[in-house]
Amino acid sequence: PEDSSSTRFMREARITAGLIHPGIVPVYDLGTTVEGHQFFIMQVIEGVTLRELLDRTAESPADRIAYISHFLGTLCRVCQTVGYAHHRNVLHLDLKPSNIMEGSFGEVIVLDWGVARTVGEIKEGISEEDEEEFTVAGTPGYMSPEQYLGVVSDLTFQSDVYALGVILYEVLTTGSPHEGDAFSDLRDAVLGGRIRPLQECARRNGQRRIPKPLVAICNKALARDSAERYKDALELGEDLQAYIENRSVSAFREDPVHRVRRYVARYRAASIAALFIVFLGAVSL
């Protein structure tokens, strides 16, 4: 029988091979050599990870502000890729900035599907040995509450949404939503639903005040109860894209004043032209 490392290796190969998307590195072949060694062949990619990009701009608030729209655009594309995986009934379960790469020609790639699971696997259950392995799968600080609890049957697409919420929080504030570095401290914070207020963390790290719609999006993605999060990555991405395009955001209930401000910002040129015409008409009278 295959050992656990071999099982994980081939699971990643099979799952990745079944995902055909520009944001996922294609698998060209997989199998076993005559010597009994397992292998899979993937496309070679070059680029820089989101982790590296975030670290480069963390030291300069000015650079961070300049790059914020770029990072939000990148995260939208990540949501589309993970949303496609969700459509194919696959959960990534280890989303983090170091597993997101920007290629030399504008590609945004989601890497490392090594702990991914299909909905079928989760529903059917897995072996006791694999269950023990899974309790430590994922990366502390980005794992959802249900991952920390290690109950495989509780995993849903919202588990990936939580990790995307952590990444969004980091993009907006340069900090982590959870206090502490030790595994036990992070676990307690996540299970207790203790999230550092975004505005406070941003201010502490020299960032500008975060727009309320972005705060609402991030808080919804990081909800303690998975049922209160976005239903999948695609829905989260749609809200992020709506914010970028100055459209209404489903997670944020805007008042009339905010609605007018958003409308003016979205149609600034047309609004200025209309006001200028009204002004000329008033002057001519």
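By class, nine nonpolar, three polar and three charged residues make up the lining of the largest pocket in this protein. In that scheme Ala, Val, Leu, Ile, Met, Phe, Trp, Tyr, Cys and Pro are nonpolar, Asp, Glu, Lys and Arg are charged, and the others, Gly among them, are polar. Please note that this is a predicted model, in which local features need pLDDT of at least 70 and side-chain atom pairs count only at pLDDT 80 or more, while totals for chains, interfaces and linings use all residues. Residues are numbered from 1 along each chain as its sequence is written, and side-chain values use heavy atoms, with hydrogens and water left out.

Let me stay with the pocket. The largest pocket holds about 360 Å³ of space. Of its 15 lining residues, Ile68, Leu72, Pro211, Leu214 and Tyr243 are the closest to the centre. Two elements, α3 (61–87) and α11 (233–244), each give two or more residues to the lining. The largest share, five residues, comes from α3. As to terms, a pocket is found on a 1 Å grid over the protein atoms alone, as an open set of points where a 1.4 Å probe fits, with protein on both sides within 12 Å along at least five of seven lines; lining residues have an atom within 4 Å of a point. Points are joined across faces, edges and corners, and the volume is the space filled by probe spheres set on them.

I turn to the fold as a whole. The protein has 13 helices and seven strands, taken as DSSP runs (H or I, at least four residues, for helices; E, at least two, for strands) and numbered from the N terminus. Of its 285 residues, 45% count as buried, where buried means under 20% relative accessible area, exposed over 50%, and partly exposed in between (1.4 Å probe, protein chains only). Among contacts with a separation of 6 or more, 62% are between residues 24 or more positions apart; a contact means heavy atoms within 4.5 Å.

Next, the charged pairs. Seven salt bridges are present, each defined as a side-chain nitrogen of Lys or Arg within 4 Å of a carboxyl oxygen of Asp or Glu. Which parts of the chain does the pair of Glu170 and Arg51 tie together? Their side chains meet at 2.6 Å, N to O. Glu170 lies in helix α7 (residues 157–173) and Arg51 in helix α2 (residues 50–58), so the pair ties together parts 119 residues apart in sequence. Glu170 is buried at 9% relative accessibility, whereas Arg51 is partly exposed at 22%.

A second bridge joins Arg229 to Glu146, with the closest N and O atoms 2.9 Å apart. Arg229 sits in the loop between α10 (212–221) and α11, and Glu146 in helix α6 (residues 145–149), so this pair links distant parts of the chain, 83 residues apart. Both residues are buried. Bridges with shared partners also join Arg51, Asp55 and Glu170 into one network.

Finally, Asp94 and Lys96 form a salt bridge at 3.9 Å, N to O. Asp94 is buried at 9% relative accessible area, and Lys96 also counts as buried, at 16%. Asp94 is one of the residues touched by Asn99, including His92, Ile109, Val110, Leu111 and Asp112, when residues up to four places away in sequence are not counted. Asn99 lies in the loop between β4 (90–91) and β5 (100–103) and is buried, with 6% relative accessibility.
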